[in-house]
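Me: I have a structure open and would like to talk through its side-chain contacts with you. Shall we take them one at a time?

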Amino acid sequence: MASKAAPTGWVVDRQNALLVMVMVAVSYTVSILPPGLIFDPAAREAAEGQDSPLFKMIWIPLILMTFAVLVSRFRMVSSMLPDLNGPLFVLLAWCLLSMVWAPDAAFAFKQAFSIIGATLLPLAFVVTGWYRQRMEVVLRQVSTILLVLSLLVAVAVPRIGVHDSTQFELQGSWLGITYQKNGLGQLAASSLILWCHAWLARSVSPRLALAGALLSVFLLLKSRSSTSLLLSIIACAVMTMQLRPILTIGKYRGIVAVSAALLVIVPTVVYFVLIGAVDSVAMAEAFGRIFGKDATFSGRTYIWAEMMHTIGQHPWLGFGFNSFWHTPAAGEIQRRLGWPVPSGHNGYLDIINTLGLIGFSLFLAFVVRHIQSLRKLMQFDRQQGALHTGLFLFVMLANLTESAWFLPIAPTHLLAMYSVMAVARLHYQHRLSTACAGARTSTDRKTMKAVADLAEPQAGR
């Protein structure tokens, strides 16, 4: 007896889901690989400053396929509009508009086109083949594979996978298949967060979660990225408190939070009052030691001082999206500092410098909107709320010492965008479920038709 063929719509959507999953894996992989896919350190140094064909070869096709997928899922996207982060899309429009006053309009347009594509790809991901844990499953698998490859390369080909430098911070640290030790550290940290959540949510076996976590911790330690290690611990601790609280404090949580703050603030104030005045250098050294840095955060404070000076020259509009580090003004900073500074090493200062205070205000609106979405998500899906809170906290803190926000090829920015879009899809699913539950008890035809229109894009997921 012949079996029934699968519905055509289901087959097409399954193909789209597989295609988008491959696109996600490619984009996330490329974001951590060396510029121009040049793994040999000597060759990479020789090619520094040259235009890489990577954008045309990989990112343009990815972005065009993203647009095609979104067009094919237009009704789903339009149904999700109330759940999407509106300020994010206004900020993307501001990035594109900044080409008007950027010193190189073509470069600013290229950067804006790239970041729009890098934001829409996660949207295409959540409207095809969706299930509740899809984002974490796919990113966990991709990051684990990349960590295994990094481990093999560092052991088998140390000339490529291990830093050969006399500089203390780099000497002997692993970079694996990534662009630099901090790249491996960020990859391992995000993997640790995903594996920790898998254990907390009991979505995988404890042994598998332990194996993934141990691999992540091992490469975190070998990368010697103390910042990524600290931030991953903070994110995992936050998720643990939300999903496996040791004490149930209930209505007393406000009192406990205030008491905890006082336990930190009061001894600090007493120390400075009784022992001596506040010494900014001593405080910087103490704070830097937390991140495994010196008082200048490995020279970052000098960069930040230069950034504050340049921001004062164009406070409202900025230099143009991601344009500053390709101008003669950036060359002057690099000359004064004595090394080829690639960024401001602070994602927030770089946003103000390139998009101005107007752009930074839009960014703050995006952050506030996402925090509100996370708070609401915790009310109906605590497991997913804890994961996305941990991920967003990690990205926010990582940008204090590294520039990643709204860089087209930056793994932490991509991680944030996948999280933001996944949260929007989870809200959409909740809204749909609530509407369907109401329609079952409703005899109003308009209500039933509205729910049917909302649910129709769900065909074939």
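Me: Which helix is the place of Ile145 in?
Reply: Happy to start there, with the note that this is a predicted model. Ile145 has its place in the stretch of residues 134-156. That stretch is helix H7.

Me: Is Ile145 buried or exposed?
Reply: The cut-off for exposed is over 50% relative accessible area. Ile145 has a relative accessible area of 51%, so this residue counts as exposed.

Me: How much accessible area does the nonpolar surface patch with Ile145 have together?
Reply: Ile145 belongs to a nonpolar patch on the surface, along with Val148, Leu149 and Leu152. Taken together, these residues have an accessible area of about 340 Å².

Me: Which ring does the charged end of Arg140 sit over?
Reply: Besides its salt bridge with Glu136, Arg140 has a ring contact. Its charged end is 5.0 Å from the ring centre. The ring belongs to Trp195.

Me: And which ring lies under the charged end of Arg244?
Reply: Here the charged end sits over a ring at 4.5 Å from the centre. The ring is that of Trp199.

Me: How many salt bridges does the count come to, by this rule?
Reply: As background, side chains of opposite charge can pair when their charged atoms come close. Arg132 with Asp381 is one of the pairs here, with closest N and O atoms 2.8 Å apart. The count of salt bridges comes to 5.

Me: How many residues apart in sequence are the parts that Arg132 and Asp381 tie together?
Reply: Arg132 lies in the loop between helix H6 (105-126) and H7. Asp381 lies in the loop between helix H16 (347-380) and helix H17 (382-398). The pair therefore ties together parts whose separation in sequence is 249 residues.

Me: Between Arg132 and Asp381, what does each count as, buried or partly exposed?
Reply: Buried means under 20% relative accessible area, exposed over 50%, and partly exposed in between. Arg132 is at 35%, so this residue counts as partly exposed. Asp381 is at 11%, so this one counts as buried.

Me: Now the rings: what kind of pair do Phe319 and Phe324 form?
Reply: A pair of aromatic rings is described by the distance of the centres and the angle of the planes. The structure holds 17 such pairs. For Phe319 and Phe324 the centres are 4.9 Å apart and the planes are at 65°, so the pair is edge-to-face.

Me: What kind of pair do Phe324 and Trp325 form?
Reply: Phe324 counts as buried at 0% relative accessibility, and Trp325 is buried at 14%. Their ring centres are 5.0 Å apart with planes at 80°, so this pair is edge-to-face.

Me: Which residues do ring pairs link into a cluster with Tyr348?
Reply: Ring pairs join Tyr348 into a cluster with several Phe residues and a Trp.

Me: Last one: what separates the C-alpha atoms of Val238 and Ala386?
Reply: Val238 is found in helix H11 (residues 226-243) and is buried, with a relative accessible area of 18%. Along the chain, Val238 and Ala386 are 148 residues apart. Their C-alpha atoms are separated by 7.7 Å.

Key
Residues numbered from 1 in each chain as written. Predicted model: local features only at pLDDT ≥ 70, side-chain atom pairs only at ≥ 80, totals over all residues. Heavy atoms only, no water. Patch = residues over 30% accessible without salt bridge, like charges linked within 9 Å, V, L, I, M, F, W, Y side chains within 5 Å. Areas by Shrake-Rupley, 256 points an atom, 1.4 Å probe, with all protein chains shown as cover. Salt bridge = Lys/Arg side-chain N within 4 Å of Asp/Glu carboxyl O. Helix = DSSP H or I, 4+ residues; strand = E, 2+ residues; numbered from the N terminus. Buried < 20%, exposed > 50% of the residue type's maximum accessible area, 1.4 Å probe, protein only. Phe/Tyr/Trp six-rings, centres within 6.5 Å; stacked < 30°, edge-to-face > 60°. Lys NZ or Arg CZ within 6 Å of the ring centre and 35° of its normal.
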